Amino acid sequence: MLELRLVQGSLFKKVMEAIKDLVTDANFDCSATGFSLQAMDSSHVALVALLLRSEGFDHYRCDRNLSMGMNLGNMSKMLKCAGADDIITLKADDGSDTVTFMFESPNQDKIADFEMKLMDIDSEHLGIPEAEYQAIVRMPSNEFSRICKDLSSIGDTVVISVTKEGVKFSTRGDIGTANIVCRQNMSVDKPDEAVIIEMQEPVTLTFALRYMNSFTKASPLSNTVTISLSSDLPVVVEYKIAEMGYIRYYLAPKIEDEDEEPKPGVKNERD
Amino acid sequence: MSIDISRRFVKERRREELQEERNSALTTPASPVSVKQPIPMGIKGLTKLLADNAPKCMKEQKFESYFGRKIAIDASMSIYQFLIVVGRSGTEMLTNEAGEVTSHLQGMFSRTIRLLEAGLKPVYVFDGKPPDLKKQELAKRFSKRADATEDLAAAIEAGEKEDIEKFSKRTVKVTKQHNEDCKKLLGLMGVPVIEAPSEAEAECAVLCKNGKVYAVASEDMDSLTFGAPRFLRHLMDPSSRKIPVMEFEVSKILQELNLTMDQFIDLCILCGCDYCDSIRGIGGQTALKLIHQFGSIENILENINKERYQIPEDWPYQEARRLFKEPAVSANHEQLEIKWTSPDEEGLITFLVNENGFNLDRVIKAIEKIKAAKNKSAQGRLESFFKPVVSTSLPIKRKETLEKASRETVNKKSKANDRSPAQLLELAFRLSTFSYVSEHFVRLSFLKGRGY
């Protein structure tokens with residue numbers, strides 16, 4: 001038996017919007033600690049990890065650890081039917097192959113039940129070790145979103161480099177190049193607008209902008225985003241979900257090709 | 001860069017190529033049969049057997065999801081396909097000025113670029129000397145080709161368009177010259193080539209076992225019998241056919257079929273392979289049952305009804321087994337380094353445009369694609385940083401799918417047979433022309449035995 005009630009139902013909707021572009025099918029895991037998900041995109045370049053802790057729900061009951069395979073496109077269709085202020089309850093019975101979404105209007109005069117079929121999904125669960133990152137950047141989420149969007153109109157990849165001066169996002173494309181530097185700025189009156197850089201050592205990594213852009217779909221969940229970088233690890237882009245948990249995206253960097261060896265006499269056009 | 005070529009010639013070539021393109025565009029999708037091999041190769045009926053009995057060993061993958069992966073490709077198989085499909089209309093094929101066929105070059109060039117553009121790293125493996133046992137099979141193919149040549153002549157005389165195309169495809173043979181041309185082309189493109197001492201599939205399988213490549217791509221199911229841990233089909237199909245890549249994993253096959261690798265090899269030999277005949281009347285399903293029952297070909301031969309099933313007189317199954325288990329492959333894979341290099345632009349233009357009449361503009365564009373692709377192949381994968389772990393949650397929905405239920409009955413059936421194997425099998429075989437009846441019979445006798 002599983003029953004999760006969230007008065008602030010729009011949160012479910014926002015979470016869904018933040019995931020569905022990246023992953024088509026995924027297993028949601030429920031346990032006494034909370035409601036979580038880990039899923040990779042089809043090419044295994046990016047991973048999303050979601051946690052909504054049980055304390056954050058208005059009612060949380062989960063008798064045993066379960067996983068529910070859902071198609072995120074379908075789930076999103078169902079959740080779109082919920083009003084912005086609706087209370088959302090998610091229910092499933094043991095041994096059942098469906099999950100029910102119940103939407104209650106705030107004044108309780110309308111109650112809707114949507115039942116969705118579950119799926120069997122074979123998915124690999126990756127073990128993500130705790131790690132110390134060489135650089136951690138915290139910045140306003142809409143600022144990061146804007147940067148990724150702007151850069152992707154010029155190039156396919158972004159080079160993120162963190163130095164003492166600040167964090168630099170740069171790209172290069174057929175029409176030209178772009179560099180955006182955000183300096184450390186700890187404005188006290190508006191903490192959400194601060195750019196805070198914690199750096200052990202300078203780091204520079206390259207990523208595909210396409211994925212970054214789909215991560216920024218989580219911006220409505222949080223005013224700030226935290227980007228953790230290490231030269232030998234995937235980047236972590238984290239959006240905290242107030243009092244409940246987080247949504248974290250991991251993205252494998254682009255790596256220098258070890259097989260690259262220019263032929264003698266032929267000019268290698270790579271820079 | 002100096003390109004010595006007259007404009008007029010280029011124009012003519014372009015017109016011809018457009019025509020040829022149109023032809024190939026017409027023939028390829030309209031007759032999907034054309035890509036099927038007219039001569040059966042590999043293991044007979046293995047795909048279906050696996051689909052029925054081990055559905056989890058195969059999964060469809062997007063072509064694009066193999067970016068950054070090193071893939072060993074059975075070159076001869078690909079060249080054969082190109083000769084059949086690329087730029088053909090009736091008996092006409094793509095040729096150069098001298099009238100030599102260039103379909104294989106066109107195919108190899110464009111398909112390889114497609115792989116490179118998607119970020120894959122292909123390494124082509126060419127066949128060496130065929131093992132003696134395969135010569136019989138090759139002789140058969142030769143005579144089929146000879147028949148087809150006669151049929152073709154008849155069809156041309158009768159003017160039957162469809163037959164002309166059908167039979168001329170059957171006359172296709174990959175010659176040494178085709179292989180040499182392709183090796184030269186790949187060398188110029190900066191794509192590595194490996195020459196197998198004997199069978200290319202065997203060499204590919206070893207490359208994959210040693211972790212030199214991620215997977216083996218071929219259309220020939222032999223690769224699985226050679227033990228390639230990961231095997232891809234339809235990787236080299238034209239994008240226009242929109243067929244997803246089918247990925248097979250040997251470990252999952254063994255797990256799902258509940259066989260050891262040796263038993264799987266025996267199963268493949270029983271199904272029918274390139275090296276020796278199979279037993280008449282034993283197809284994939286029966287072979288699988290027999291292997292489950294008796295464990296090896298030797299034991300099957302001891303227990304089988306020899307009047308019902310005629311064992312070929314000279315049946316070198318042991319030799320075939322040895323070829324699958326210990327095929328002739330290069331010894332020094334440890335030191336082997338596979339390298340992808342930049343394309344030799346001038347070399348490609350000389351070879352393709354000047355010697356083989358390709359369109360200059362198209363070749364230049366293609367070279368640009370190769371160079372652009374080289375910069376693209378560097379996206380990392382998460383698996384190289386994080387390792388899979390077992391999830392602790394149980395699925396809410398208990399999996400009770402049809403296949404599982406049916407597999408259980410198969411297992412139970414074999415258990416039932418354990419009780420009085422000889423008797424039951426005798427009966428089953430006697431009835432096996434009515435295999436439906438026989439299956440039910442076995443099931444009934446099992447149920448009776450359990451007291452139902």
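Confidence was considered separately for the two chains. In chain A, the mean pLDDT is 90, and a value of 70 or more is reached by 94% of the residues. Among the elements of this chain, the highest mean, 97, belongs to strand E19 (residues 245–251) of chain A, and the lowest, 88, to strand E10 (residues 125–127) of chain A. One stretch of chain A, residues 259–271, stays under 50 in pLDDT; the model gives this stretch 26 contacts beyond four places in sequence.

For chain B, the average pLDDT is 74, with 75% of the residues scoring at least 70. Confidence in chain B is highest in strand E5 (residues 215–217) of chain B, with a mean of 93, and lowest in helix H1 (residues 7–30) of chain B, with a mean of 40. The pLDDT is below 50 over residues 1–40 of chain B, a stretch that has 54 contacts in the model beyond near neighbours in sequence. Residues 399–452 of chain B likewise stay under 50, and 38 contacts beyond four places in sequence are present in the model for them. Where pLDDT is low, the predicted coordinates should not be read in detail.

The overall make-up of chain B can be summarised as follows. Chain B contains 19 helices and nine strands. Of its 452 residues, 49% count as buried. Among contacts in chain B with a separation of 6 or more, 74% are made by residues 24 or more positions apart.

A helix pair in chain B was examined in detail. Helix H11 (residues 261–271) of chain B packs with helix H12 (residues 284–294) of chain B at an angle of about 145 degrees, and the two axes are 9 Å apart. The crossing of H11(B) and H12(B) is right-handed. On the side of H11(B), the contact involves B:Gln263, B:Asp266, B:Leu267, B:Leu270 and B:Cys271, which meet B:Gly284, B:Ala287, B:Leu288 and B:Ile291 in H12(B). Classified by residue type, the contact of H11(B) with H12(B) comprises six nonpolar, two polar and one charged residues.

B:Asn258 is not a glycine, yet has a positive phi of about 60 degrees. With a relative accessibility of 60%, B:Asn258 is classed as exposed, because the exposed class covers values over 50%. In chain A, A:His44 also has a positive phi of about 60 degrees although it is not a glycine. A:His44 is located in the loop between strand E3 (34–40) and strand E4 (46–53) of chain A. The relative accessible area of A:His44 is 24%, and A:His44 is therefore partly exposed.

Over all chains, the count comes to 14 aromatic pairs. One of them is formed by A:Phe103 and A:Phe114, a tilted pair with 5.1 Å from centre to centre and 40 degrees between the planes. A:Phe103 is part of strand E8 (residues 98–104) of chain A and A:Phe114 is part of strand E9 (residues 111–117) of chain A, so this pair ties together parts that are eleven residues apart in sequence. A:Phe103 counts as buried, at 1% relative accessibility, whereas A:Phe114 counts as partly exposed, at 25%.

In chain B, B:Phe231 and B:Phe248 form a tilted aromatic pair, with a centre-to-centre distance of 5.6 Å and 40 degrees between the planes. Because B:Phe231 lies in strand E6 (residues 230–233) of chain B and B:Phe248 in strand E7 (residues 245–249) of chain B, the pair ties together parts that are 17 residues apart in sequence. Both B:Phe231 and B:Phe248 are buried. In chain A, ring pairs also join A:Phe12, A:Phe28, A:Phe35, A:Phe57 and A:Tyr60 into a cluster.

A further residue of chain A was considered for its placement. A:Ser67 is found in strand E6 (residues 66–71) of chain A. Its relative accessible area is 9%, so A:Ser67 is buried. A:Ser67 and A:Asp120 are separated by 53 residues in sequence, and their C-alpha atoms are 9.8 Å apart in space.

Notes:
Residues are numbered from 1 along each chain as its sequence is written. Chains are lettered from A and ligands numbered from 1 in the order in which they are written. This is a predicted model: local features need pLDDT of at least 70, side-chain atom pairs count only at pLDDT 80 or more; totals for chains, interfaces and linings use all residues. Side-chain values use heavy atoms; hydrogens and water are left out. pLDDT is the predictor's confidence in each residue, from 0 to 100. Helices (H or I, at least four residues) and strands (E, at least two) are DSSP runs, numbered from the N terminus. Contact means heavy atoms within 4.5 Å. Axes are lines fitted to C-alpha atoms, for helices over the stretch in contact, and angles run from 0 to 180 degrees between N-to-C directions. A crossing is left-handed if the near helix is turned anticlockwise from the far one by less than a right angle, and right-handed if clockwise. Ala, Val, Leu, Ile, Met, Phe, Trp, Tyr, Cys and Pro count as nonpolar, Asp, Glu, Lys and Arg as charged, and the others, Gly among them, as polar. Rings of Phe, Tyr and Trp (its six-membered ring) pair if their centres lie within 6.5 Å; planes under 30 degrees apart count as stacked, over 60 as edge-to-face and the rest as tilted. Buried means under 20% relative accessible area, exposed over 50%, partly exposed in between (1.4 Å probe, protein chains only).
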